[in-house]
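Here are a few exercises to work through with the model open in your viewer. Try each task before you read its solution.

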Amino acid sequence: MSVGAFFQKYTMVIALVLVVIFFAIATGGNSLMPGSINNLISQNGYVFVLAAGMLLCILTGGNIDLSVGSVVCFAAAVGCVLMDNKVNMWIAVLAMLGIGLAIGIFQGFWIAKVHVPAFIATLSGMYAFRGFSNVVLGGFRVDITNEQFLMLFGGGRDCYIPDFIRQWTGTTGKPNLTCLAIGGIAILVYVLMTVRKISVQKKLNIHQSIPGQIVTTALISGVIGFIIWQLASLRGFPTVLIWIALVLGIYQYITTKTAIGRHLYAVGGNEKATALSGVKTRNVYWFAYASIGLMAGLAGILTAARAKGIDPVYGEGYEMDAIASCFIGGASAYGGIGKVSGMIIGAVLMGVINQGMNMVGVDSNLQKVVKGLVLLGAVVFDVMSKRQKR
Amino acid sequence: MAKILLEMKNITKTFPGVKALDNVNFKVEEGEIHALVGENGAGKSTLMNVLSGIYPYGSYEGDIIYDGKVCKFSNIKDSEKLGIVIIHQELALVPEMTIGENMYLGNERGHKFAIDWNTTYAEADKYLKMVGLSESSKTQVKDIGTGKQQLVEIAKALAKQAKLLILDEPTSSLNEEDSRALLDLMLGFKKQGMTMIIISHKLNEVAYVADTITVVRDGATIETIDNHGAEPVSEERIIRGMVGREMTNRFPKREGVAIGSTMLEVSHWTVHHPLYPERKVVDDVSMYVRKGEVVGIYGLMGAGRTELAMSIFGQTYGTNISGELKIDGKPVKIKKGADDAIRHKIAYVTEDRKGNGLVLSQSIKVNTSLAHLDAISRHMVIDGDKEYAVAEEYRKKLKTKTPTVEQLVGNLSGGNQQKVLLAKWMFAEPDIMLLDEPTRGIDVGAKYEIYCIINDLAAAGKSVVMISSELPEVLGMSDRIYIMNEGKFVGEMKAEDATQENIMALILQSGRGA
């Protein structure tokens, strides 16, 4: 790979590294401290979850879902009111996920079957569900007192996976051994998967740079290792990270390994050709919108747990964070191109910039300007690099 | 001899991989109607696009001399300033706008920020009268028929002060009566001193209206026929020029392929236009194809061939489809949607590989497996290794030139893209393959390879239907040929009985008879 091609392929990774280094220096290393990393994950949980769902919608042809912020609030509102009325926590959780999924299916129906433009169908959802949230909450904040719920979905200081290993061995102190163990297993699985991939490539005689893959794997393992170590030396594995990892893992699998994932890319790349290949293209749209509805429900749970309650204005602007993460992560605004890995980079980049600017003390209005410019820059770069190829 | 208004000298235009025009020389006298004839893809439209500046100066070689001056147009505006106006085959009108708004679109009267609507409509009415339209220029375009829309296009051209009017297939969407009216209108303009170039497939019209006829073939001007005489030039004379190329070994022989029992039988197949359901696009067509047989369907563009194939392929085109389908002797009903057609082992290899055949932003591998993902997946989960192996197998089998099957299809040449498209449908394991213009826009060498693939398919017992508007290809490749014109089958011939002349004659007769 030439130097130019390398930069083109990994621009956002390079940008992320530079931004991380910049803020590490600007904050005198504070941004890399365990507390900061912990906050970064806890604060941006909803972004990863929503962006995963959003990516599928964008893949179908640059379609977006504007309603997710309102749906997050509505689903959370219903769940909080239920728990406030002493309904079993698990019923509340299922209600929140169910509401998200049902809204996704409802909006997907108009988009897929009635051919309402996605922008308009979800814009109307954005208004309607914001209104419903207000109605459900009666205009007031509702708090969550259910400790189990908060613990499980990561709100507050004690929402970490307990250190089973130290409990079992009867020791105390840091680092958190359970956290290290989980991290170690994750890295091991990742390395083994890469080894298998390389061996299959050898068997099938696919020429890909093996040293390159080893370096990539080592670097990613190193980053994961660093994060795990920092987390372990604080309080351990935040429970919200379980849900983020689960969602990202599932979406990575859907987009790379399943037929429906393939159909998403194909519809976005050339809908006519896909229909003539025997794919029911409208159902692909429906799937994408149902999936983001479900994710909005989950994000509602995480948001409510993080804030220990729900306010009628929560979730405003969440849709934009999700959309921005996908586009910064290299998803094409015309559809058919985009990866979960890229989306993760985009979301982390946004999160790091947010947090870094907060720590440095940048004015919050100026922060919005910077975020806007980053988004524009990323998409301009994407468009330009494609034009060169032609 | 009259003054030469336009001379195009030694024009050569190459597209990546294809020489579309090769040293073309073309002269038009002032005040004449000059016809350009040739088969599809011969280079007529390319030549006119060079003339009108769609392909800007510098993207071709050679000179354009207009009115005694060498011209270097960099866009359409430049050529229109000098009065060269082209009317394209597809109507370029906005249906929701009025006739007047359409006529002055991009050429607005008054000031850019203050359009003078009174002048617009007054001038528009004036030009509408010139073309014999009595409609008000405030009528919306969608409310008038195609014949009248074509006249609006001409009025629009006149409004640009046209001195040299180029009409690309002006009558292709018109009925007999409207066509005749249009041709007479052209003769009227000629009397007023207008110079015109007409591109047409309808040779009877050409013979009727043109003073001079230039034949284009394979990107070169072959001959110029004078039609000033009292007797119009015979259509046979023009055909000889159009198709008279040498045919040596351009088609691989298919030997020892046993033709089996009837595989697909279509009877009384009628398809209506999806937007204008009163129009029959395919009209009472009956045909059959046997195992191991290659059947050609020849017809000019717009004859209804693609529509026929797509309506058979899971009703992916048209409404009110009626008729019967038999596969392997058994009557079948194919539900709407390509998936059911694929289940019935039919494949349709699309005519427009970029538009609706391939996903250009994806790899060869992904495209190859798209129509038959079931075969490489379990419970909706794709087996990546198997998929790779399949893509690799077809790459080798079809000799697709690419470093790896992970290559994006958008980066391949036309011929290799066509191979990927064929691979995709071969992998779908059909018994019946409907190939729509399988060699359009690809070079001669790649064509030969595609022909070899078609022969292999037949040898494997598949039933192949090959739709083409290239006569030599149909003659060279088919066992049997159906000739289609205006939605109907107008003839069926065995390959050994068919010649270019008698097929063309059939089409012309049917056109006149209508």
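**Exercise 1.** In this predicted model, find how many residues of domain 1 of chain A are in contact with domain 2 of chain A.

*Solution.* Start with the bounds: domain 1 covers 12-19 + 30-159 + 238-382 of chain A, and domain 2 covers 164-237. Next, count pairs whose C-beta atoms, placed from the backbone, lie within 7 Å. Helix α3 (residues 34-43) of chain A gives the most to the domain 1 side, with four residues. Sort that side by type and you have four nonpolar, two polar and no charged residues. Finally, take the domain centres over C-alpha atoms: they are 26 Å apart.

**Exercise 2.** Work out which strands stand at the edges of the open six-stranded sheet in chain B.

*Solution.* Write down the order first: β6-β9-β10-β3-β11-β12, with mixed pairing. Then look at the ends: β6 (84-87) and β12 (220-226) of chain B each have a single partner strand, so one side of each lacks a neighbour in the sheet. From one strand to the next, the twist averages 20°. Now zoom in on β11 (residues 212-217) of chain B, which pairs with β12(B) in the antiparallel sense over six bridges. Here Ile213(B) sits opposite Ile225(B) of β12(B).

**Exercise 3.** Describe the side of chain B that touches chain A.

*Solution.* Count first: 27 residues of chain B meet 23 residues of chain A. Last, sort by type: 15 nonpolar, 10 polar and two charged.

Key: Residues numbered from 1 in each chain as written. Chains lettered and ligands numbered in written order. Predicted model: local features only at pLDDT ≥ 70, side-chain atom pairs only at ≥ 80, totals over all residues. Contact = placed C-beta atoms within 7 Å. Nonpolar A, V, L, I, M, F, W, Y, C, P; charged D, E, K, R; others polar. Pairing = 2+ DSSP bridges. Helix = DSSP H or I, 4+ residues; strand = E, 2+ residues; numbered from the N terminus. Axes fitted to C-alpha atoms, helices over the stretch in contact; angles between N-to-C directions. Domains from an automatic or database assignment.
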